[in-house]
Amino acid sequence: MIKTKNMDKHYITEEVETLALKNINLTVNEGEFVAIMGPSGCGKTTLLNILGLLDTPSAGEYYFMGQEVSHLTERRRADLRKANIGFVFQNYNLINELTVYENIELPLLYLKIAPSERGRRVMEILEQMQLYIRRNHFPQQLSGGQQQRVAVARAVVGNPRILLADEPTGNLDSVHGGEVMDILSRLHESGATIVIVTHSLTLAEYSQRILHLFDGHIVTENISKDNGSLPV
């Protein structure tokens, strides 16, 4: 689903050029669960934003579902995002003026799904995420764990091809963080492709592969807990 070749990202100001990513070569196959780890400032979120078509590389190639996408227009990238990618963020990014039901329904409105089908999908995901009794509540009436469950529900209600999660448990305690990771694991078991950014090795071990970034480079890749680390 995802393949990058010699991908770089740099930011230029009037006096300084900052290299965020350097020579990134990675592949994510359909149905995989991949974690990206590394210290703060190493480029994890930048990489996730490029993979999610929210940003573009400065050099190299990025293939999404077989199509080279690094030079697409913003409108075309937005169309691909809308139809294929779900996002989960550390800060939830829910709309406070909308109810739980309306927050989850929002991506389906953008996809122009018929009202009856929207209702069916939202009710189904509310049950799956154990949020049905909260459907008419507003985000500020929910706990952090409940808000993140709503964010996950919103991300997957459109049946995206891939789910990208940036520190999805960063604002949660261990219990609620574990609940969110259990939900992501169940989604993966049902066939979802997931890429997650996390600082926590415990959470990363929910994945099948762990990529370690340092100063914008992929430095190691853990294929599994049993096979140890391989240099990239």
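Predicted model: local features only at pLDDT ≥ 70, side-chain atom pairs only at ≥ 80, totals over all residues.
Student: What makes both faces of β8 count as covered?

Tutor: On one side T193, V195 and V197 are buried, and on the other I194 and I196 are buried too. In a regular strand the side chains alternate between the two faces of the sheet.

Student: Why is strand β8 called mostly covered?

Tutor: Buried means under 20% relative accessible area. Five of the five residues in β8, which spans residues 193-197, are buried, so the strand is mostly covered.

Student: How do you know that β3 and β8 pair?

Tutor: Two strands pair if there are at least two bridges between them. Strand β3, residues 33-37, has four bridges to β8, in the parallel sense, so the two count as paired. One of the contacts across that pairing is F33, whose bridge partner in β8 is I194.

Student: What makes β7 a partner of β8?

Tutor: Five bridges join β7 to β8, and the cut-off is at least two, so they pair. These two strands run parallel. Here L163 stands opposite I194 in β8. Between β7 and β8 the chain passes through helix α6, residues 174-189, in a right-handed β-α-β crossover.

Student: Why is R81 called buried?

Tutor: The relative accessibility of R81 is 15%, and buried means under 20%, so R81 counts as buried.

Student: Where does R81 lie, and which residues does R81 touch?

Tutor: R81 is in helix α2. Leaving aside residues up to four places away in sequence, R81 touches G52, L53, L54, E74 and F87.

Student: How much space lies in the largest pocket?

Tutor: About 500 Å³. The lining has 20 residues, and I85, F87, P107, Y110 and R154 are the closest to the centre of this pocket.

Student: Which element supplies the largest share of that lining?

Tutor: Helix α2 does, with five residues. The elements that each supply at least two residues are α2 (74-84), β6 (85-89), α3 (100-110) and α5 (144-156). By class, the lining of the largest pocket has 13 nonpolar, four polar and three charged residues.

Student: What lines the second largest pocket?

Tutor: The lining has 20 residues, with V156, N159, P160, L187 and S190 nearest the centre of the pocket. Two or more residues come from each of α4 (115-128) and β7 (162-166). Helix α4 gives the most, six residues. The second largest pocket holds about 360 Å³ of space, and its lining has nine nonpolar, five polar and six charged residues.

Notes. Residues numbered from 1 in each chain as written. Heavy atoms only, no water. 1 Å grid on protein atoms, 1.4 Å probe; cavity = no way out; pocket = protein on both sides within 12 Å on 5 of 7 lines; lining within 4 Å. Points joined across faces, edges and corners; volume = space filled by probe spheres on them. Nonpolar A, V, L, I, M, F, W, Y, C, P; charged D, E, K, R; others polar. Buried < 20%, exposed > 50% of the residue type's maximum accessible area, 1.4 Å probe, protein only. Contact = heavy atoms within 4.5 Å. Right-handed = clockwise from strand over helix to strand, strands pointing away.
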